[in-house]
Each structure stands twice: as C-alpha cells, then as structure tokens.
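Visitor: I would like to go through the salt bridges here. Could we take them one pair at a time?

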Amino acid sequence: MLLKPLDKLSDANESAGLLLIGHGTRDQRGTEEFFRLAELVRQRMAPRPVAEALLEFQTPTISDAWQCLVDQGVDHVRVAPLLLFAAGHAKQDIPEAVAAAASQTPGITWDQCGPISRQADLIRWVAHRIEQCGIPAGRNGQDRPVSGTNDVGNEDSPNSDTAVIMVGRGSHDPCAQADMRVLTEVVARRFPDVTFDTAFYAMAQPRLPEVIDRVVSMRRPRRIIVQPHLLFMGRLYEAIQNQIDQANVRHRDVTFVVGDYLGPVQAVADALADRVGLGRRVAAS
C-alpha cells in the first residue's frame, strides 16, 4: 500500500531501511549501472540499511531485498522506485510485489515514495547533459520565460539555429506523458534562446521521427540536439541513436547530436535520496 502523506524519517529512527527498486533490463551494461547507482545511494543513506532489487529480468528480486532488510533489523521499509515517472510499474506492479513480500513478515511496515520526476537535482543534471552538447544555459542557470515548447510551428520561436528535442521512453499513462512534457518546459527555461520539444520513443505521441521531421520543416535549424531522458545505457538508448541515424539520412543538411543518458552519477543519487526524504547529502568533491 502507499501511505500518505510521506513523512521524513528522522535520523533517530535508525530501524528504518530503504528498498530501492529498478525496472530491470536484459542489457548487462544497464544492469551494472543500476548497481553502481545503488552503491551511490547506499553511501548517501549511510548508516541506514539499503537493499536494491529489480522488478524484471534480473536478481535480486523484491522479495530477496525485502528479506535482506528484515535480516538487518529494520521495522519499517521505505520503498523507492528508481523510475523517472509514475506509471503502471510504480502504481501497481511494485506495490503488489512489495505487499506480497511484506505479508511474509508481519510487523514490518512500509510506505512508498514517488518517482524522481522533476526533483531539483535531476533538473540541474538534465540541463548539464544538454550543456555538454554545446549549448550554454542562461546566466546562473536561472529560469527564464520560454517559448517554443511542444507546439512546433505555432509559437514565437527564439532566434536560434539549434533545436532541442527531449525524448522519453513513453507510456500509456497520461500522467506520465504529461510529466515528461512539463519536464521539457522546466528544463527549457534554463535555455531561453533555444527551442525545445517533447517526443516519445514508444507508447505515446508524438514519436521522435515525427517531431524531428516537423522541427526541420517548420524551423529549419542547422543543428538538432536529441536528449534521451533515460537512466541507463541499454537497447532503448541504442534504438534512439538508430532513429537519429535514419533522420540524418533524411535531413543531410542538419547536424544531429545525441546527448548522454542520465547515468549512475551522484546527481541522480541525490535526487532519489531527496525524494525519499531520508539520508545525508554527500559534499561535492
């Protein structure tokens, strides 16, 4: 079950632990990156017990991780889905699996926080990934009024020869779709001189190839930066790269740049920890 509201667990409540749940992937690179991020979260949460699990394809399972926390003496578990937005996995699959594990250990309570979504550390890191593609953010990275998001051809576009397309995994859940679009708008405010649009790889509209073609037709940019909003390396990131290769054939006068995925980095660990509401911030090195 999902208990509301979620309270921050006090430092004195040392018997509470964190259950970090990733989606899981058949790609070994993505699996390794999940465990690297889990280690960063463990360091951030110390001395609280942290156990990681994967919902699909790989081990440890949610039941395995739950038992690991119980064996460490926790009496309460905060469940943290390592997901970018709330859709079917966060709303149904994970709670059902956790409830099944909890039924085997009466007396251990649990609650579940939301996905990372638009947590401040994540917003800053997404902006950094875009900056790495060669676009400077506004002064001090401050939000500015923005136009040109999500409505190709029907806006007062900034005077720029560069366009950015934020591309999400996609979901049938309308709330997850809306969250991706809002994320694009929030990030775009850090780049007031560049147009931004949202696309999806699957399960939602508009799809990435369609958005690329419309942006080229309506705005005639010299460069398009495609920023995949993905946590880890895997087949989906490579599939997006393949779609960009195909777009490059259709639009040879446009330079395409594919931004890096989020990755197992401290900024993502901080975003998750702050969303969870317990743990200490690791000082930047």
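Guide: In this predicted model, Arg29 and Glu238 form a salt bridge through their side chains, with an N to O distance of 2.9 Å. Arg29 belongs to helix 1 (residues 28-45) and Glu238 to helix 7 (residues 235-250), so the pair ties together parts that are 209 residues apart in sequence.

Visitor: Which residues are linked with Arg29 and Glu238 in a network of salt bridges?

Guide: Asp27 joins Arg29 and Glu238 in that network.

Visitor: How accessible are Arg29 and Glu238?

Guide: Arg29 has a relative accessible area of 36% and is partly exposed. Glu238 is also partly exposed, at 30% relative accessibility.

Visitor: Turning to Arg78 and Asp111, what is the N to O distance in their salt bridge?

Guide: The side chains of Arg78 and Asp111 meet at 2.8 Å, N to O. This pair links distant parts of the chain, 33 residues apart: Arg78 lies in strand 3 (residues 76-81) and Asp111 in strand 4 (residues 109-112).

Visitor: Is Arg78 buried or exposed, and what about Asp111?

Guide: Arg78 is buried, with 1% relative accessibility. Asp111 is buried as well, its relative accessible area being 6%.

Visitor: And where do Glu210 and Arg214 sit?

Guide: Both are in helix 6 (residues 208-219), 4 residues apart, and are therefore separated by about one helical turn. Glu210 is partly exposed at 36% relative accessibility, and Arg214 is partly exposed at 32%.

Visitor: How many salt bridges are there in the whole structure?

Guide: The search of the whole structure finds 15.

Notes
Residues numbered from 1 in each chain as written. Predicted model: local features only at pLDDT ≥ 70, side-chain atom pairs only at ≥ 80, totals over all residues. Heavy atoms only, no water. Salt bridge = Lys/Arg side-chain N within 4 Å of Asp/Glu carboxyl O. Helix = DSSP H or I, 4+ residues; strand = E, 2+ residues; numbered from the N terminus. Buried < 20%, exposed > 50% of the residue type's maximum accessible area, 1.4 Å probe, protein only.
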